[in-house]
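Subject: Structure handover

Dear colleague,

Please find the structure below. My notes on it follow.

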Amino acid sequence: MKKRILALLLTAAMTVSMLTGCGDSKSTSASADGVQEITWMFWDDLEATEDLISKGYKETVDRFNKDYEGVYHVNVVTTNLEEYYPKLNALVAAGETPDCFIVSPGPNLDVYVEPGVAADLTSYLKADGWMDTFNGGEGAFSQQTYDGKIYAVPLNIAAACVFYNTEMFSAAGITEMPTDWDGMLSACQKLQDAGYTPITISAGTAWCLSMLAGYLCDSEGVDTAAIDAGTASWTDANVVNAANKLVEISKYFQPTAAGDTNDVATANFYNEEAAMLIQGSWAIAQINGSNPDFEDKCGVFAFPGTDGRVIAKSDSLAMSASTEHPEAVIAFMKYFTDDTAQKYTAEVGGKIPVTKVEYDASKAPAQLAYVMDVFGNAKSTFGFYNESLATTEAGAAFDDTMVSIYLGTPVEEGLQSLEDFYKNNVWKK
């Protein structure tokens with residue numbers, strides 16, 4: 001596994017020319033006056049963004065650089081979400097790994113742990129009580145822990161929900177939120193009959209569609225651990241049922257879903273061109289940042305039919321194992337989890353804080369209270385399929401299969417291709 005990952009990273013070096021315009025990507029440096037210069041790589045443009053979480057991250061960077069002026073200084077390397085991992089991997093392969101980089105947990109982090117790209121953070125977290133500030137203590141790092149060592153620090157928690165336009169639902173005569181699959185289809189039909197596009201979603205950004213597919217698989221009792229172990233199959237009846245549900249609900253998508261990016265699909269919702277958006281609660285920052293007036297008519301409910309299970313994830317920070325300035329990187333990471341940053345996360349960004357910080361719920365976006373209710377009533381959580389399957393390649397294969405089925409590939413044929421991928425790349429190991 002390690003050799004295969006390293007090979008992939010070395011292959012990525014061929015794309016290093018894509019990085020023009022990203023800024024200084026040298027992993028370590030010190031200026032002439034002795035200031036320790038570090039780099040942080042992020043998946044949004046902090047200077048142009050309207051996303052409130054990203055704006056909060058910019059405030060954190062600016063605050064850090066001001067407070068540590070003359071001692072430490074962080075330079076930000078930015079890109080967009082779709083290009084983030086290819087560009088990060090190209091930097092890794094070129095020996096220019098950013099000192100600090102944002103990453104999703106699961107196999108996406110595993111890619112950097114196994115070849116020794118990400119540093120072990122356990123001792124730093126335990127050294128001065130930093131870990132104790134997190135909700136759940138060491139338990140807060142379950143998705144960032146490998147072989148008993150912690151390799152990333154979570155910044156927030158988000159739950160995948162259904163955002164809906166309360167005015168459109170009322171106009172369509174929908175008085176109760178769907179709690180099962182039939183109720184979801186009924187709501188879609190009522191909205192369509194009332195002249196509204198029921199759902200906006202991105203199939204152009206594959207993980208958005210596969211998030212919905214993950215919910216449908218879970219509602220059918222698909223056991224991904226059993227599939228990864230080879231004791232269950234992608235062609236089993238419950239996976240077929242889930243894929244058929246995806247086809248069934250897709251007739252309620254916006255006509256441009258196949259080509260729309262995540263940003264476009266989300267804009268369709270807050271611009272009131274569609275009644276529902278199936279997305280993570282990180283979308284609150286984008287929705288309210290782009291159209292603050294829409295907050296009053298934006299409701300939230302749990303995706304129906306999953307028996308109280310909710311998709312949850314966190315953004316996390318990793319440190320390069322090759323950084324020459326670990327103290328500077330750790331100091332920078334701590335700024336993201338201090339009270340100032342975590343209060344902003346809740347009160348402005350609308351995400352669930354990871355620390356024990358006290359925040360003013362009355363200042364927080366209205367949607368956060370709804371999300372907290374969904375999260376609080378959840379029986380359990382699970383991750384994105386593309387971040388939870390055996391490897392990142394397996395997750396990508398799932399994403400691509402679901403998009404292919406949405407675009408018209410027969411369900412059985414699409415799932416057989418995913419089964420074949422597992423036979424050739426997962427089960428034979």
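Is aspartate 147 buried or exposed? Aspartate 147 is exposed, at a relative accessible area of 84%; exposed means over 50% relative accessible area, buried under 20%, and partly exposed in between, with a 1.4 Å probe and protein chains only.

Two notes on the source. This is a predicted model, in which local features need pLDDT of at least 70 and side-chain atom pairs count only at pLDDT 80 or more, while totals for chains, interfaces and linings use all residues. Residues are numbered from 1 along each chain as its sequence is written, and side-chain values use heavy atoms, with hydrogens and water left out.

Positive phi values

Aspartate 147 sits in the loop between β5 (145-146) and β6 (149-150); helices (H or I, at least four residues) and strands (E, at least two) are DSSP runs, numbered from the N terminus. Its phi is positive, near 50°, in a residue other than glycine. Glutamate 272 is not a glycine either, and has a positive phi of about 65°. Glutamate 272 lies in the loop between α11 (262-270) and β10, and is partly exposed, with a relative accessible area of 33%.

Helix α11

Seven of the nine residues of α11 are buried, so the helix is mostly covered. Those buried are Asn262, Ala265, Thr266, Ala267, Asn268, Phe269 and Tyr270. Among the elements covering them are β8 (158-165), β9, α8, β10, α12 (283-290) and β11, where contact means heavy atoms within 4.5 Å.

Helix α7

Helix α7 (residues 181-193) has 13 residues, which at 1.5 Å a residue should span 18 Å, and its end C-alpha atoms are 18 Å apart, in agreement. The expected span is 1.5 Å times one less than the number of residues. Trp181, Met184, Leu185, Ala187, Cys188 and Leu191 are the buried residues of α7. Down the axis of α7 they fall within an arc of 160°, so they line one face of the helix; the arc is that of the directions from the helix axis to the C-beta atoms. Asp182 and Asp193, on the other side of α7, are exposed. The cover over the buried residues of α7 includes α6 (166-171), β9 (199-200), α8 (206-219), α10 (237-250), β10 (276-280) and β11 (298-301). Glycine 195 follows α7 and has a positive phi, near 95°.

Methionine 276

Methionine 276 is in strand β10 and is buried, with a relative accessible area of 0%. Its contacts, not counting residues up to four places away in sequence, include Met184, Cys188 and Leu191, as well as Phe269. Methionine 276 and phenylalanine 163 are 113 residues apart in sequence, yet 5.5 Å apart in space, C-alpha to C-alpha.

The cavity

The whole structure was searched, and one cavity of 30 Å³ or more was found. A cavity is a set of points on a 1 Å grid over the protein atoms alone where a 1.4 Å probe fits but cannot get out, and lining residues have an atom within 4 Å of a point. The largest cavity holds about 70 Å³ of space. Its lining consists of Ile53, Gly56, Tyr57, Thr60, Leu155, Phe336, Ala341, Gln342, Tyr344 and Thr345. At least two lining residues come from each of α2 (52-67) and α14 (339-347).

Regards

Note on methods
On a 1 Å grid over the protein atoms alone, a cavity is a set of points where a 1.4 Å probe fits but cannot get out, and a pocket is an open set with protein on both sides within 12 Å along at least five of seven lines; lining residues have an atom within 4 Å of a point. Grid points are joined across faces, edges and corners, and a volume is the space filled by probe spheres set on the points.
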